[in-house]
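Please look through the structure shown here with the notes that follow beside you. They are written as numbered points, so that each can be checked in turn.

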Amino acid sequence: MAESEAAVHCHCCGQPTGCGPAGSIPGELRGLAEWRCYSCFKVVPGWRRHCAECGSSRGNTNSDDYAALYKACHLECSCHSARPAAPEDLRDLNHVIIGFLIMLSGFLLQHWMRREASPATDDLIASAGFYGLIVIYALIDYRMLAPLFRLKFRAWPFLLLALAAAPCTVGLAYLQLLVFPGLQDYWSDYAPNFLREGYGWGVISLAVAVGPAFFEELFFRGVMLHRLLRVMSPGQAIIVTAMAFAIIHFAVIGLLFYLLPVALIAGWMTVRTNSLWPAMLLHLAHNGAIVYLEYLEFS
Amino acid sequence: MTMPSLSESQHNSAHRQKVKSGRGWILAIGLINAFIGAGLTFLGLKAQEEGAGDDLFFTGVGMAIIGLIFLGCWLWAKRHPFPAAVTALLIYIALQVATIAVEPSEAVRGILFKALFLVGLASAVQSAYKLKKSGY
């Protein structure tokens with residue numbers, strides 16, 4: 001057996017556990033049972049330095065940061081001896097909650113401005129400031145997010161699937177009108193405010209479709225989903241992110257019909273492809289369809 | 001196979017108790033929202049018949065949906081307490097912040113219960129996380 005694969009003994013009962021990076025890491029620091037590769041999300045045995053699937057060492061905290069390893073160290077063996085989780089482990093969750101509060105304040109500001117029919121220029125300036133804040137917040141996780149902007153070949157079918165969101169949204173909207181005609185009064189109208197001030201449909205598309213698709217996905221499927229992936233399984237992280245995304249839009253009707261399905265599919269695509277582009281395209285297609293419906297209404 | 005030590009068992013039992021209590025908070029929030037939502041929906045329907053607007057009806061439907069989401073989280077928390085508690089906490093924070101933003105005078109109303117719910121949910125998240133990390 002290679003030195004790195006040598007059995008590690010439990011600090012409590014002394015029994016071999018068969019896990020943990022032995023050899024190079026001394027005494028107390030041994031015992032990371034497994035780690036999750038940040039590039040392909042596969043769970044990798046703790047003794048491996050690189051992911052067997054993609055060869056990446058990202059996520060392998062035991063390769064470079066012994067102090068972090070000590071905090072994350074979780075030695076389990078047949079005696080059920082497990083180190084109590086250090087409070088520092090909840091940092092990912094705190095990061096998610098702080099980010100969520102920033103997103104929430106931005107969304108509420110946008111809602112308030114649209115409800116009060118503020119000038120569209122003010123709306124655009126506020127949105128730009130809000131998106132800037134998201135970018136600054138995302139920069140904290142630059143190392144984690146950078147690989148998500150690569151478009152791998154396996155993502156192409158998902159891009160095509162994402163485009164299907166546009167006809168689906170238009171179809172669902174017409175179906176909704178047929179079944180509940182009264183609901184049209186409660187749809188958000190984004191265009192009138194912009195058209196009143198002389199902005200064209202290009203600016204409306206940029207403000208309603210392109211901007212939210214890029215920056216909201218950057219936070220929800222980029223920062224939030226990947227922070228949550230460190231503390232829960234991919235399925236759970238996708239559901240939590242989708243619920244947060246759906247609730248933050250404060251759209252009662254849209255929550256179940258549009259927001260939740262879009263968010264769940266976007267999360268699934270991000271985890272499957274390890275890229276943000278399919279989720280962004282899906283969001284863009286959905287929001288683009290809404291702009292198209294408004295265009296039909298106003299023209 | 002060696003049994004877990006007494007202190008560890010006690011530690012995990014305390015976490016499990018806190019998680020159970022957290023589930024209780026989620027259920028309470030869900031039921032409150034669902035009942036108030038159902039009541040408002042009923043009143044909204046009455047108001048619609050009398051020719052008033054639909055605002056009350058849609059507020060009721062919204063609250064009922066939120067209540068159902070919390071009840072869903074309560075069911076989910078039985079098998080997976082950590083993600084369910086995180087979801088419930090995020091939704092609760094969003095609703096409270098939105099309520100304060102829309103109607104600042106509402107911030108003080110029922111503040112004790114709001115604080116209790118928030119602390120209960122936050123404690124549930126922490127306990128569920130510790131329970132999850134300890135492998136139970």
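1. The charged end of A:Arg221 sits over the ring of A:Phe245, at 4.7 Å from the ring centre. The term is used when NZ of Lys or CZ of Arg is within 6 Å of the ring centre and within 35 degrees of the ring normal.

2. A word on how to read the values: this is a predicted model, in which local features need pLDDT of at least 70 and side-chain atom pairs count only at pLDDT 80 or more, while totals for chains, interfaces and linings use all residues. Residues are numbered from 1 along each chain as its sequence is written, chains are lettered from A and ligands numbered from 1 in the order in which they are written, and side-chain values use heavy atoms, with hydrogens and water left out.

3. Some parts of chain A call for caution, and pLDDT, the predictor's confidence in each residue from 0 to 100, shows where. The mean for chain A is 75, and 69% of its residues reach 70 or more. Over residues 1-30 of chain A pLDDT stays under 50, although the model has 71 contacts beyond four places in sequence for them, a contact meaning heavy atoms within 4.5 Å. Residues 62-88 of chain A also have pLDDT under 50 throughout, with 74 such contacts. Where pLDDT is low, the predicted coordinates should not be read in detail.

4. Aromatic rings of Phe, Tyr and Trp (its six-membered ring) pair if their centres lie within 6.5 Å, and planes under 30 degrees apart count as stacked, over 60 as edge-to-face and the rest as tilted. The count by this rule comes to 16 aromatic pairs over all chains.

5. One aromatic cluster includes A:Phe107, A:Phe130, A:Tyr131 and A:Trp277.

6. Helix H11 (residues 277-298) of chain A has 22 residues and reaches 31 Å from its first C-alpha to its last, close to the 32 Å expected at 1.5 Å a residue, where the expected span is 1.5 Å times one less than the number of residues. Among the buried residues of H11(A) are A:Leu282, A:His286 and A:Leu293. The buried residues of H11(A) pack against several helices of chain A, including helix H8 (201-228) and helix H10 (252-273).

7. In chain B there are four helices and zero strands, and buried residues make up 42% of its 136 residues. Helix H3 (residues 81-102) of chain B is mostly covered, with 17 of its 22 residues buried.

How values were computed:
Helix = DSSP H or I, 4+ residues; strand = E, 2+ residues; numbered from the N terminus. Buried < 20%, exposed > 50% of the residue type's maximum accessible area, 1.4 Å probe, protein only.
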